[in-house]
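Hello,

Here is the structure for your files. My notes on it follow below.

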Amino acid sequence: LLPLFANAERLIIDHVTVIEGTGRAPQPDMGGVVDGPPLVAVTPGQLAANESGRRIDARGKYVIPGLMDVHIHLRGAAAPSGPGTKWEESSRAEALAALASYLYSGVTTIYDAGNRKELILPLRADERAGKILAPRIFATGNAITYPGSHGDRISIHITDFEKDKALLDAHIAGQQPDMVK
């Protein structure tokens, strides 16, 4: 499968105010090119008339860097709603809707700090392969905790670090988390 962005329309944005997020003052009346997911060019004023793509006059509009949400638990990990609905189907559909809402809000990167591995890890793999439209997903998979603590329902239980080191190593090797929580 080609990534979803392979068929994305090339955009030419004229007269936009660019906010870099570096502390530098906003730069008014800039032009930019969006080709696939990245913004590939930014120049003063309007871009040349021979640039191909859909042209947008963005006077009074702003371009900012993508936002990051660095602690979420993606929706979809709960039991399915509705009779006859399989957990995997309802959860994935709910999670995909939540991912779309992040993009709609300008969030281009998320960190899921603990979730069902059956939900979040396939979504992370699909996002990285370009099979779904989603923010960049970083994930822990299952969190690591001790029995009876917060989130232990979907966590790997560690009671003694030295005795449970093999369990922790197996978790990391099997789930390949971006971070361990």
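T140 sits in the loop between β8 (136-139) and β9 (144-145) of this predicted model. With a relative accessible area of 0%, T140 is buried. A polar atom of its side chain lies 3.2 Å from the backbone nitrogen of G114. Beyond neighbours within four places in sequence, T140 is in contact with Y111, D112, A113, G114, H171, Q175, P177, M179 and K181.

The salt bridges come to 11.

R124 and D178 meet through their side chains at 3.1 Å, N to O. This pair links distant parts of the chain: R124 is in helix α2 (residues 117-128) and D178 in the segment after α3 (161-175), 54 residues apart. R124 is buried at 9% relative accessible area, whereas D178 is partly exposed at 30%.

D35 pairs with R10, with 3.5 Å between the closest N and O atoms. D35 belongs to the loop between β2 (27-34) and β3 (39-44), and R10 to the segment before β1 (11-18), 25 residues away. Both count as partly exposed, D35 at 40% and R10 at 25%.

K165 and D169 form a salt bridge at 3.3 Å, N to O. They both lie in helix α3, 4 residues apart, about one turn of the helix. K165 is partly exposed at 37%, as is D169 at 38%.

Buried residues account for 35% of the 181 residues. The chain exposes about 10900 Å², with carbon and sulfur atoms supplying 57% of it.

Regards

Technical notes
Residues are numbered from 1 along each chain as its sequence is written. This is a predicted model: local features need pLDDT of at least 70, side-chain atom pairs count only at pLDDT 80 or more; totals for chains, interfaces and linings use all residues. Side-chain values use heavy atoms; hydrogens and water are left out. Buried means under 20% relative accessible area, exposed over 50%, partly exposed in between (1.4 Å probe, protein chains only). Accessible areas come from the Shrake-Rupley method with a 1.4 Å probe; for residues, only the protein chains shown count as cover. Helices (H or I, at least four residues) and strands (E, at least two) are DSSP runs, numbered from the N terminus. A polar contact is a pair of N or O atoms within 3.5 Å; within protein, one must be able to donate a hydrogen and the other to accept it, and residues adjacent in sequence count only if both atoms are side-chain atoms. Contact means heavy atoms within 4.5 Å. A salt bridge is a side-chain nitrogen of Lys or Arg within 4 Å of a carboxyl oxygen of Asp or Glu.
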